[in-house]
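Have a look at the sequence and the model before reading on.

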Amino acid sequence: MEKLKAIVDEALAKLAGTVPDDQIDKVAKIIEAAVIRGMLEGQHRAVDACNECGSPEKDLAHKIATAIRQKNDALIVNLSSLR
């Protein structure tokens, strides 16, 4: 959570002077949503890669994919509670 805030703060610092003060919160939410979408897309690709494993590795791949999905769910719940 702190890392996401740091990313948003860094992006806002780079935009300093170009974004009106009354739009800062809106821009921060847009940046946050973009970061989350990018992270989820990467994790979806990781799950897809796990599911493409051969038969002997299917059980381990399923366990890894499940763990990734659980962490995604927990992240989304945590981020949603910040709003």
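The protein's pLDDT averages 80, and 89% of the residues score at least 70. Helix 1, residues 2-14, comes out with the highest confidence, at 84. At the other end sits helix 3, residues 58-82, where confidence is lowest, with a mean of 77.

A word of caution goes with any such numbers. Where pLDDT is low, the predicted coordinates should not be read in detail.

## Salt bridges in helix 1

The salt bridge count comes to three. Let's start with D9 and K5, whose closest N and O atoms are 3.1 Å apart. They are four residues apart in helix 1, so about one helical turn separates them. As for how open they are to solvent-sized probes, K5 is exposed, with a relative accessible area of 52%, while D9 is partly exposed at 36%.

Next up is K14, which forms a salt bridge with E10. Here the closest N and O atoms lie 3.3 Å apart. Again the spacing is four residues within helix 1, about one turn of the helix. K14 counts as exposed at 65% relative accessibility, and E10 is partly exposed, with a relative accessible area of 47%.

Now for R45 and E41, whose side chains meet in a salt bridge at 3.5 Å, N to O. Both belong to helix 2, which runs over residues 24-51. Because they are four residues apart there, R45 and E41 are separated by about one helical turn.

R45 is exposed, with a relative accessible area of 54%.

Does the length of helix 2 agree or disagree with what its residue count should give? With 28 residues at 1.5 Å a residue, helix 2 should span 40 Å. The C-alpha atoms at its ends are 41 Å apart, so the two values agree.

Which residues of helix 2 are buried? The list is V27, A28, I31, E32, I36, L40, V47 and C50.

Methods. Residues numbered from 1 in each chain as written. Heavy atoms only, no water. pLDDT = per-residue confidence, 0-100. Helix = DSSP H or I, 4+ residues; strand = E, 2+ residues; numbered from the N terminus. Salt bridge = Lys/Arg side-chain N within 4 Å of Asp/Glu carboxyl O. Buried < 20%, exposed > 50% of the residue type's maximum accessible area, 1.4 Å probe, protein only. Expected span 1.5 Å × (residues − 1).
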